[in-house]
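Here are my notes on this model, point by point. Please read them with the structure open.

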Amino acid sequence: MRPGGNLERRKLFDRFMLGLLILGSLLVVAPLVLVLGKVFLTGLSALNLAFFVEPYRPLDEGGGGLAHAIVGTLMMNLLALLIGGLLGLAGGILLSEYPDHPVNPFLRVISDLLNGLPALLKGLVIYTLFVIPMGRFTGLAGALALALVMVPIVLRATEGVLKLVPWSVREAGLALGLPRWRVILSLVLPSALPGVITGLMLGFARAAGEAAPLYFTAGGNLNLSFSLGDQVESLALTIYKYAGEPSPVRQEQAWAASLVLTLLVLAAGLLARWATRKR
Amino acid sequence: MNEQRPLTVPPKLEAARAGGLEADLKPRMEAQGLTVYYGKKVGVGNVSMPIYANRVTALIGPSGCGKTTFLRALNRMHDLTPVARVEGKALLDGQDIYAPGVDPVDVRRRIGMVFQKPNPFPTLTIYDNVIAGLKLLGVRRKNVLDEAVERSLQQAALWDEVKDRLRAPGMSLSGGQQQRLCIARALAVQPEVLLMDEPTSALDPISTQSIEDLMSELKKHVTVVIVTHNMQQAARVSDFTGYFLTGELVEFGPTSQVFTMPKDPRTEAYITGRFG
Ligand SMILES: Nc1ncnc2c1ncn2[C@@H]1O[C@H](COP(=O)(O)OP(=O)(O)OP(=O)(O)O)[C@@H](O)[C@H]1O
Ligand SMILES: [Mg+2]
């Protein structure tokens with residue numbers, strides 16, 4: 001190309017390409033906006049106070065609310081975040097910071113396996129290992145199944161972002177006479193914190209939306225329960241059940257539950273960002 | 001410091017004494033047949049030399065000759081490089097830092113290091129960078145930390161430039177300032193030996209001057225080993241000089257002697273600028 005030649009045409013071409021890019025982006029984002037829009041609009045109109053404070057009621061008593069599912073979702077997902085988050089973090093740290101550790105090949109196989117395993121089967125794993133021996137469905141088993149959903153996501157994200165931290169950060173810390181674990185926890189991990197948090201949030205969001213693994217683990221519960229030792233309901237489970245019901249009340253509740261679930265995930269993400277913001 | 005063990009006088013030291021050097025020379029460290037392999041390749045081979053207490057020892061030589069490799073062997077930084085393997089001994093106060101049972105963390109606590117490229121901790125402020133070592137080792141008292149920050153930054157000739165913005169990110173400094181921050185960080189933990197890998201290669205003449213001044217001050221308390229490409233710098237700041245060539249220590253001796261009447265013709269060729 002001649003330098004300075006045909007400036008007009010090049011400007012036009014630039015405009016054209018930019019237009020194409022914007023169009024492409026819109027095409028990609030459009031479905032997302034449509035889905036979110038539908039959830040917000042339909043869900044919002046179905047939301048009311050009863051939805052949050054009342055548990056299940058039969059239809060002839062007005063249908064009640066979803067307090068039992070909201071409480072169940074929070075309990076199970078927070079415990080799952082604690083367990084799955086810690087396991088995923090630990091695994092990611094091991095893979096990234098101790099690449100020669102003898103357990104790593106196994107860890108990698110397990111992580112890949114978990115990553116490919118359908119969530120339903122993760123529920124079955126917990127069913128076999130916990131529900132059958134204990135003889136009943138519990139929120140704890142549900143949380144464990146959700147933790148299995150989180151682990152591979154958190155693990156991969158953690159490994160990935162830790163590997164992006166320059167090697168010189170570790171060297172600098174070690175040269176100060178700090179033990180390796182200290183360098184990792186106090187210097188490497190903080191350098192990668194935004195990425196680590198994103199990984200945790202991805203895992204959390206994914207688990208919060210899973211209904212399948214809860215079927216044979218948490219079991220669902222129409223009553224409000226604050227104990228993870230009981231059977232527990234979750235929003236995802238409710239959405240799945242109610243969406244197929246003929247009653248418009250139940251269908252509206254499913255929409256509202258979708259909205260609340262979406263907002264919950266969004267809020268968790270914002271909270272995490274805020275908590276780890278640059279001071 | 002602590003009690004001194006009886007010393008075997010290294011042959012080089014006898015030469016030094018014959019050359020009229022002070023009799024109070026004690027090796028703080030000593031390399032004995034130190035060899036570093038990268039896989040099958042020798043990074044630096046069979047190096048034996050003393051590092052005298054409270055003196056500045058300069059390591060010079062053309063690029064790729066193994067200066068950094070040797071320096072990193074002196075505080076077990078190669079432990080972290082899977083391909084690297086160290087043979088031979090490196091004594092610190094008579095004790096081999098590679099002996100079984102020696103904790104590399106203790107070694108590095110006593111032997112600090114400043115790297116060729118400035119590497120401040122990216123998420124920390126200037127203040128927190130300086131005290132990173134102290135804080136993570138459990139020092140909590142604010143006045144102790146404040147003092148350490150001022151003292152270390154003064155020593156590293158950075159205090160005046162940053163004293164009003166200690167809470168700014170370490171990364172907000174210029175390259176040369178970052179390097180002095182790294183020097184301050186290394187000094188804050190008060191190491192007995194400080195290994196510096198071309199600490200002034202990114203600095204302007206004025207900061208270089210202050211770092212050089214720092215060294216003559218530093219050596220009252222610390223033993224310094226400095227890698228440098230700058231002959232004048234080696235001549236100015238060091239008491240002893242080791243000349244490396246293709247992974248070998250070709251010559252070691254008092255700086256004045258190495259620079260004025262080197263024993264090896266290869267050294268002479270290098271310092272007179274005929275190659276390298
Ligand atoms: N991690 C490594 N793996 C393999 N070989 C290496 C590694 N680090 C250094 N080497 C090799 O070891 C030799 C010595 O390198 P070293 O970095 O010690 O040289 P240097 O004298 O410090 O050079 P410069 O003055 O350029 O810094 C070089 O041939 C280099 O290629
Ligand atoms: Mg080097």
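1. Is B:E198 buried or exposed? B:E198 is buried, at a relative accessible area of 9%. Buried means under 20% relative accessible area, exposed over 50%, and partly exposed in between, with a 1.4 Å probe and protein chains only. B:E198 sits in the loop between β7 (193–197) and α8 (205–218) of chain B. Helices (H or I, at least four residues) and strands (E, at least two) are DSSP runs, numbered from the N terminus.

2. Some ground rules. This is a predicted model: local features need pLDDT of at least 70 and side-chain atom pairs count only at pLDDT 80 or more, while totals for chains, interfaces and linings use all residues. Residues are numbered from 1 along each chain as its sequence is written, chains are lettered from A and ligands numbered from 1 in the order written, and side-chain values use heavy atoms, without hydrogens and water.

3. Look at the backbone of B:E198 too. Its phi is near 40 degrees, a positive value in a residue other than glycine. Most residues other than glycine have a negative phi. B:N46 also has a positive phi, of about 50 degrees, and is not a glycine. B:N46 lies in strand β2 (residues 41–52) of chain B. B:N46 is exposed, at 57% relative accessible area.

4. Now the ligand. The residues around ligand 1 include B:E198, B:Y38, B:Q116 and B:H229; a residue counts if one of its heavy atoms lies within 4 Å. Helix α2 (residues 67–73) of chain B gives the most to this shell, with three residues. By type, the shell has two nonpolar, seven polar and three charged residues. Here Ala, Val, Leu, Ile, Met, Phe, Trp, Tyr, Cys and Pro count as nonpolar, Asp, Glu, Lys and Arg as charged, and the others, Gly among them, as polar.

5. Check the polar contacts of ligand 1, which are pairs of N or O atoms within 3.5 Å. A polar side-chain atom of B:T69 is 2.4 Å from a ligand oxygen. For B:K67 the distance to an oxygen of ligand 1 is 2.8 Å. For an N or O atom in the side chain of B:K41 it is 3.2 Å. Taken alone, ligand 1 exposes 630 Å², and the protein buries 65% of that. Areas come from the Shrake-Rupley method with a 1.4 Å probe; for residues, only the protein chains shown count as cover.

6. B:E192 and B:R110 form one, at 2.8 Å from N to O. B:E192 lies in the loop between α7 (175–188) and β7 of chain B and B:R110 in helix α3 (residues 104–110), so the pair ties together parts 82 residues apart in sequence. B:E192 is buried at 13%, and B:R110 is partly exposed at 28%.

7. One more pair is worth a look. B:R76 bridges to B:D79, with the closest N and O atoms 3.0 Å apart. B:R76 is buried at 12% relative accessibility, whereas B:D79 is partly exposed at 36%.

Terms used:
Polar contact = N/O pair within 3.5 Å; in protein donor to acceptor, adjacent residues only side chain to side chain. Salt bridge = Lys/Arg side-chain N within 4 Å of Asp/Glu carboxyl O.
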